[in-house]
2 protein chains.
Amino acid sequence: MNYSRQRELILETLKENVVHPTAEYLYEKVREKDKNISLATLYRNLNKLAQMKLIRKIDGLENSAHFDHNTHEHYHFICDKCGKVFDVDCNIAPETFKQIQDTTGCLITGHDITFHGLCSECKGENQ
Amino acid sequence: MNYSRQRELILETLKENVVHPTAEYLYEKVREKDKNISLATLYRNLNKLAQMKLIRKIDGLENSAHFDHNTHEHYHFICDKCGKVFDVDCNIAPETFKQIQDTTGCLITGHDITFHGLCSECKGENQ
DNA sequence: AAATAAAATGATAATTGTTATCAATTAAGA
DNA sequence: TCTTAATTGATAACAATTATCATTTTATTT
């Protein structure tokens with residue numbers, strides 16, 4: 001993988017955003033810094049960075065993917081009402097993986113957990 | 001929700017498929033039984049059935065959603081090489097949910113776990 | 001420093017999966 | 001049977017993402 005200024009800018013911009021932005025949102029932010037960056041370049045680099053495990057791609061949300069610069073092992077909660085995504089820390093017993101591998105013969109190299117429900121704000125509201 | 005012959009046919013066809021078909025695959029199968037069923041009807045019903053928790057929608061895969069008639073609590077393994085999806089049974093300690101809810105104030109109503117890696121067949125192959 | 005090959009880019013067309021629209025049909029209750 | 005709401009089929013529209021391709025940039029070799 002060669003160096004590219006655009007990729008560096010994209011990664012840097014993703015790190016500045018605490019939230020888990022979509023490509024669309026990130027595109028706006030990146031364009032504020034470099035008006036010439038192409039949408040294709042953004043997608044190409046997000047995919048490449050995710051592939052190299054430098055960032056994470058979160059899908060399973062409404063329509064579009066979200067991206068996360070936090071590469072520590074952690075999970076996500078998605079509010080079914082407002083769509084907010086936040087990080088969740090919890091532990092999965094290591095035996096779980098071993099047991100699955102032993103019974104199925106597969107090799108587990110990664111896993112994602114997505115919790116759904118209502119965030120603290122939406123929980124309070126009626127309707 | 002009113003009765004519809006098409007919906008019954010779609011659900012029945014999904015149950016016949018042990019795998020976790022995409023809408024596209026299911027469309028083929030359904031059309032083998034009724035040549036007049038529309039793609040829109042298929043999508044409409046898959047979404048409605050998922051919403052009523054009569055089936056499950058699995059996203060977070062390549063591009064398209066997969067559907068699962070197994071509504072028991074279970075998880076999925078996806079082979080990163082051949083794309084196969086299979087069911088995984090394992091237990092998440094109930095305290096986990098409580099702990100997340102207590103620390104974040106959210107209400108968890110559901111969760112999905114997706115394991116990634118290589119299935120037993122692909123694991124053996126070189127390259 | 002010049003030459004070269006591989007990688008990356010910007011612009012945009014194309015694709016893919018899915019949803020919206022709308023007139024016609026069907027289901028269910030009064 | 002009448003009425004209303006739900007559902008359908010056909011197809012247009014849409015939104016997110018990817019492919020194409022000529023040009024530019026990066027890294028390597030001479």
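Modeller: Let's begin with A:Thr41, where a polar side-chain atom sits 2.5 Å from a phosphate oxygen of DNA strand C. That makes a polar contact, meaning a pair of N or O atoms within 3.5 Å. Please keep in mind that this is a predicted model, in which local features need pLDDT of at least 70 and side-chain atom pairs count only at pLDDT 80 or more, while totals for chains, interfaces and linings use all residues. Side-chain values use heavy atoms, without hydrogens or water, residues are numbered from 1 along each chain as its sequence is written, and chains are lettered from A and ligands numbered from 1 in the order in which they are written.

A:Asn45 also reaches DNA strand C through its side chain, with a polar atom 3.2 Å from a phosphate oxygen. At A:Asn2 it is a polar backbone atom that faces a phosphate oxygen of DNA strand C, at 3.1 Å. Helices here are DSSP runs of H or I with at least four residues, and strands are runs of E with at least two, numbered from the N terminus.

Widening the view, 22 residues surround DNA strand C, and the closest of them are A:Ser4, A:Arg7, A:Thr41, B:Tyr43 and B:Asn47. Of the atoms of DNA strand C that come within 4 Å of the protein, 74% are sugar and phosphate. A residue counts as near when one of its heavy atoms lies within 4 Å of the strand. By class, the surface near DNA strand C has eight nonpolar, ten polar and four charged residues. Nonpolar covers Ala, Val, Leu, Ile, Met, Phe, Trp, Tyr, Cys and Pro, charged covers Asp, Glu, Lys and Arg, and the others, Gly among them, are polar.

Now for the partner strand. DNA strand D is surrounded by 22 residues, with A:Tyr43, B:Ser4, B:Arg7, B:Thr41 and B:Lys48 the closest. Sugar or phosphate makes up 73% of the DNA strand D atoms within 4 Å of the protein, and bases make up the rest. At least two residues each of the surface near DNA strand D come from α3 (39-51) of chain A and from α1 (5-16) and α3 (39-51) of chain B. That surface divides into eight nonpolar, ten polar and four charged residues.

The atom pairs on DNA strand D involve both chains. An N or O atom in the side chain of B:Gln6 is 2.8 Å from a sugar or linking oxygen. The side chain of B:Asn45 places an N or O atom 3.3 Å from a phosphate oxygen, and a polar backbone atom of A:Tyr3 lies 3.4 Å from a phosphate oxygen.

One step behind this surface, α3(B) packs against another helix. Its axis and that of α2 (residues 23-33) of chain B come within 10 Å and cross at roughly 120°. On the α2(B) side the contact (heavy atoms within 4.5 Å) is made by B:Ala23, B:Leu26, B:Tyr27 and B:Val30, and on the α3(B) side by B:Leu39, B:Leu42, B:Tyr43 and B:Leu46. These residues divide into eight nonpolar, no polar and no charged. The axes are lines fitted to C-alpha atoms over the stretch in contact, with angles from 0 to 180 degrees between N-to-C directions.

Finally, for the chain as a whole, chain A has five helices and five strands, in the order α-α-α-β-β-β-β-α-β-α along the sequence. Its C-alpha atoms fill a box of roughly 50 × 45 × 20 Å along the principal axes.

Key
Polar contact = N/O pair within 3.5 Å; in protein donor to acceptor, adjacent residues only side chain to side chain.
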